[in-house]
Amino acid sequence: MASPRARSAPPPPQPPRRKRSGVIGRVVKILIGLAVLGLIGIAVAVGLAMTSLPDYAGLKSSPNGQMIRVRAADGTVLVTLGPSYGEWLPLETIPKVMQEAIVSVEDRRFYMHPGVDPIGMGRGVWRAFQRRGQGRRIEGASTITQQITRNIFLNQSYNLGRKAREIILALAMERKFSKAEILELYLNKVYFGGGAYGIDAASRKFFGHGASSLSLGEAAIIAGLVKAPSNYAPTADQAAAVGRANVVLHTMVETGAVTQAEADAADPAAVRFAPEARQNSVRYFTDWALPQLDTLIDEKTQPIDVWTTLDIAMQRSADRAIRADAPAGAQGALVSMETDGAVRAMVGGRDYVSSIYNRATQAVRQPGSAFKLFVYLAALEAGHTPDEPVVDEPVTIDGWSPRNSNRNFAGQIDIRTAFAFSINTVAAKLGEIVGFQTVADMAKRFGITSPINTHPSMVLGTSEVRLIEMTRAFAEVAANGVAVTPYGITRVTVVNGGTLYEHELPEPRVLVAPWVAAQATDLLQTAVNTGTARAAQIGRPVAGKTGTTSSNKDGWFLGFSSGLTTGVWMGRDDARPMPGLSGGRAPAQAFADFMKEAVAKRPVQKFATEVKLPEWQLEPDEEAYFGAPDENGVMVDENGQPLPREGDQPDEPPLINPGEPPAPGGPPLVQPAPAQGEEAPPRLDQQWLDGVLGRQQPQPQPRRNPASLPGGAPPPAPRSAVSVQPARPTQ
């Protein structure tokens, strides 16, 4: 019988301890080897990155985007677009509270880590794990060094490849530059919102002073912007900026940068913010000029200075004139340019903030009688002269019967008188003679690019045009018939002084012969001195033309003096009638108010032709009325005979125009009937005056085609004041 010990089962075999410990050891060794290889790889990558990093001066000048400074003709900065940069501040000049605020809220272990903060990264990964599935990315894991590395060398895309490059570059930055240099770089280059890069630009933008004098409250506000500049910038939300600043102060207390008492005394809510710069009418000009840069230069990254033609004093005068003279409820626009095309002032509306729509360059409106410039240019080029007699009488062209605004007809007058008083029937006749297509071609020749119809009524300005193009056309008359191209940019330079572009005047291109432009100036000058544009007088020679559309929807005045051409438009954006609006009133007054200041320091320039008064003063149309009538004036009939006033009790005083009411505010016009057998009084005209003085009346000269003239009247001899030359070919 076996013993109990012999019958018991043997214990299970134990695995060899030496074999298990050997496997763990090998795994540990592999991990250590991989770690060493990884560290070596990182060291090599960091070393290579260090060699590729620019020096500190290169990092300071690296651009964050293209800044454009727009300058006036005298060099004054008008507006800065794109990112703005303040003064570069060395770290020792930056207030200590600003440095501590940034370090506390953005990277509290900045002075301890080698460029990457393992604790911060671990915390960021843990937060990302907690928020998994919410579509939110890791926050708070980037150090100051990583942030400045990303801003200078990388982009804002979020992926592992970009993060790996960011870490390598941050480690390289820490090896190549000191902590002080990295912090200085960060404070001068990081984006703080509102277009401001660097603390000095941010301080000037938000507080109106440089960063070297920042208080604790101001420093807390600026430091709080880095997290989300578009949300916390004071220009976007002041309350949010103050709330974020309180978070920064609390963090500074936690890190020991300030005491609780100092944080309480800072009070970000009491910080005074600088008011936002008001967007004035200069922006109408810059909005028109700056898009031209795309065709002038190729530079897209370097900061540039754009030197323009704008005259600041003229721009202020133009702004005041439009604000003061535009009727209530109406908009206004003004363009003023030299005879070489340099635009000196541009106002596209009463207020840029409320409406950025540029009515000087974008709006198309009917010009009314201002379009007659092209009718008379075509007629003058065809051989008609200012002294040529025409007849103001009813006329019908293809079923269209124009009428004058005063509903009367003056009979025989000359072309100068017809233009001065904006006689519609004569313009229609001249348009028919030269051809409506010829008139349209003349307008296009002078720079009108909008469509122009060729219906008979086109002579009265029924086609829509732009103010800047009409002003250009009048400038071309002032330039003796030579083409003018409006421009606003004279040169473009980079920060280091290099020139990228400089404006050159094009080769002269003749539009009409000089004698045609001189005769047109004769007509325009007469309109200002004696006709519908008398409100535009400024005490020196002025030539110009009014324009008023039907139902007083638009009022225009365009003219030139002393080398400066100015166009003014007024009306409503919805094209509704404006009672009382006419070219000879508010627009002409705005022209005068602007030009009196704009040309005050320029020498007086006389035109090539002297003004010749019309044969007699016609009753002007509604554009000519400006101010109250003279109460002491004597009213006369069409023969020049004085008319009794109301209260003179004439015998049976019939109305001159039966059925037509008297003018508002004026005495009723009456004329005593001649007694039976008594001759009617003679007509007091040039013929009567020549007879009384014993002058020999000129005999009419035959003309090849008298029927081609309005009224069939032959032309007199040319005026001696206008030098008539043989027609020259135009280009």
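**Figure 1. The charged end of K179 sits over the ring of F110.** In this predicted model, the charged end of K179 lies 4.5 Å from the centre of the F110 ring. F110 counts as buried because its relative accessibility is 0%. The ring of F110 also takes part in an aromatic pair with Y111. The two ring centres are 5.0 Å apart and the planes stand at 75°, so the pair is edge-to-face.

**Figure 2. The charged end of R71 sits over the ring of W307.** The distance from the charged end of R71 to the centre of the W307 ring is 5.1 Å.

**Figure 3. F557 and F591 form an edge-to-face aromatic pair.** The ring centres of F557 and F591 are separated by 4.7 Å, and the angle between their planes is 65°. This pair links distant parts of the chain, the two residues being 34 residues apart. F557 belongs to strand β13, residues 554–561, whereas F591 belongs to helix α23, residues 586–598. Is F557 buried or exposed? With a relative accessible area of 0%, F557 is buried. F591 likewise counts as buried, at 0% relative accessibility. In total, the structure holds 11 aromatic pairs.

**Figure 4. F371, F374 and F446 form one aromatic cluster.** Excluding residues up to four places away in sequence, the contacts of F446 include F374, L377, L511 and V512. Also touched by F446 are E469, R472, A473, E476 and V477.

Figure 5. In soluble globular proteins, nonpolar side chains tend to be buried together.

**Figure 6. R407 has a positive phi although it is not a glycine.** The phi angle of R407 is about 65°. R407 is placed in the loop between β8 (389–392) and β9 (411–414). Its relative accessible area is 49%, so R407 is partly exposed; the cut-off for an exposed residue is over 50%.

**Figure 7. S551 is a residue other than glycine with a positive phi.** Phi of S551 is near 60°. Where is S551 found? S551 is in the loop between β12 (543–548) and β13. With a relative accessible area of 45%, S551 is partly exposed.

**Figure 8. The chain as a whole comprises 24 helices and 14 strands.** The chain has 731 residues, of which 47% count as buried. Among contacts with a separation of 6 or more, 71% are accounted for by residues 24 or more positions apart. The accessible surface of the chain comes to about 36,400 Å². Carbon and sulfur atoms account for 54% of this surface.

Methods
Residues numbered from 1 in each chain as written. Predicted model: local features only at pLDDT ≥ 70, side-chain atom pairs only at ≥ 80, totals over all residues. Heavy atoms only, no water. Phe/Tyr/Trp six-rings, centres within 6.5 Å; stacked < 30°, edge-to-face > 60°. Buried < 20%, exposed > 50% of the residue type's maximum accessible area, 1.4 Å probe, protein only. Helix = DSSP H or I, 4+ residues; strand = E, 2+ residues; numbered from the N terminus. Lys NZ or Arg CZ within 6 Å of the ring centre and 35° of its normal. Contact = heavy atoms within 4.5 Å. Areas by Shrake-Rupley, 256 points an atom, 1.4 Å probe, with all protein chains shown as cover.
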